[in-house]
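I opened this model to look up a few places in turn. My notes follow in the order I took them.

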Amino acid sequence: MSTAIINCIIVEDEPLAAERLKQYVLRIPFLHLRAVFNNGPDAMMYLKQHDAGLIFLDINLGEMTGIELLESINMAAQVVIITAYQEHALKGFELNVTDYLLKPYTFARFFQAAERVQQNALKTVARNDVKFIFIKTEYRLEKILLDEILYIEGMRDYRQIHLANKNIMTLQTFTELEQQIPPTAICRIHRSYMVSISKIDSIERDRVRIKDILIPISDTYKKQFMSIIDRANGA
């Protein structure tokens with residue numbers, strides 16, 4: 001199995017904790033440490049100008065908390081939260097973090113978190129190579145080229161896949177579809193919609209236009225969606 005290098009940064013305001021975390025990172029061959037920050041604003045400026053595959057993020061950072069940092073930037077990086085307070089874990093998972101380390105943590109626990117990050121990265125690489133999927137519809141599996149999908153619409157128990165020349169109904173859930181499709185190709189933007197990034201004609205406030213259809217962007221998915229758009233623009 002591939003062991004691609006994952007570029008990471010550390011955001012930790014306690015010098016001893018930051019040094020310990022740095023030494024742990026250096027012991028893992030597939031992690032490459034790019035920078036260490038002791039405050040949120042500096043980390044935010046770095047992330048606006050550089051890509052990072054992983055952020056080790058302390059919650060308590062003084063003027064800007066780790067949660068506020070996550071909520072203020074658009075990015076595709078995985079995040080491992082570091083905290084002395086277990087109640088922060090729930091908020092972290094609401095923000096779709098990969099793992100959280102509860103201080104004090106051992107190297108074994110740190111390595112477990114790093115392996116989880118690596119597995120997610122490998123799955124993402126494999127999914128990004130997908131050109132087509134098979135969809136369960138009626139009593140058959142139908143092959144669909146991703147390039148032919150315009151958008152996917154939730155309709156009660158069904159998902160309707162809108163293609164250039166026809167529509168297909170399936171009972172597969174959005175979660176199941178998201179596990180098959182790379183988000184950089186077809187992205188969830190609303191609890192009832194996924195859209196093909198390449199088929200978007202325009203983004204108008206909190207809506208996208210595909211042909212003559214306007215599709216809403218909800219706050220829940222806006223951050224991830226705009227991160228993908230920024231990356232497509234080379235931002």
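I started at E19, which sits in helix 1, residues 15-26. Helices here are DSSP runs of H or I with at least four residues, strands are runs of E with at least two, and both are numbered from the N terminus. E19 is partly exposed, at 39% relative accessible area. My scale: buried is under 20%, exposed is over 50%, partly exposed is in between, with a 1.4 Å probe and protein chains only. I then took E19 to R209: 190 residues apart in sequence, 48 Å apart in space, C-alpha to C-alpha.

A note on the source: this is a predicted model, where local features need pLDDT of at least 70, side-chain atom pairs count only at pLDDT 80 or more, and totals for chains, interfaces and linings use all residues. Residues are numbered from 1 along each chain as its sequence is written, and side-chain values use heavy atoms, with hydrogens and water left out.

Next, D99. I found D99 in strand 5. D99 is buried, with a relative accessible area of 1%.

I checked the peptide bond from K103 to P104: it is cis, with omega near -10°.

Then the core. I used this meaning: a nonpolar core is a set of buried Ala, Val, Leu, Ile, Met, Phe, Trp, Tyr and Cys residues joined through side-chain atoms within 4.5 Å. The largest one holds 23 residues, and I9, I55 and L57 have the most contacts inside it. Two or more residues come from each of strand 1 (6-11), strand 2 (31-37), helix 2 (40-49), strand 3 (54-58), helix 3 (66-72) and strand 4 (78-83). Helix 2 gives the largest share, four residues. Another core, of 20 residues, lies apart from it, with I6, F30, L33 and A114 among them.

What does I9 touch? Leaving out residues up to four places away in sequence, I listed L33, R34, A35, F37, Y46, L47, A52, L54, I55 and F56. Contact here means heavy atoms within 4.5 Å.

I looked for positive phi outside glycine. E138 has phi near 55°. E138 is in the loop between strand 6 (132-137) and strand 7 (140-145), and is exposed at 70% relative accessible area. K211 also has a positive phi, about 55°. K211 is in the loop between strand 14 and strand 15 (213-216), and is exposed at 54%.

Helix 7 came next. Residues 219-232 make 14 residues, reaching 20 Å from first C-alpha to last, close to the 20 Å expected at 1.5 Å a residue. The expected span is 1.5 Å times one less than the number of residues. Which residues of helix 7 are buried? I noted Y221, F225, S227, I228 and I229. Their cover includes strand 11 (186-190), strand 13 (202-204) and strand 14 (207-210).
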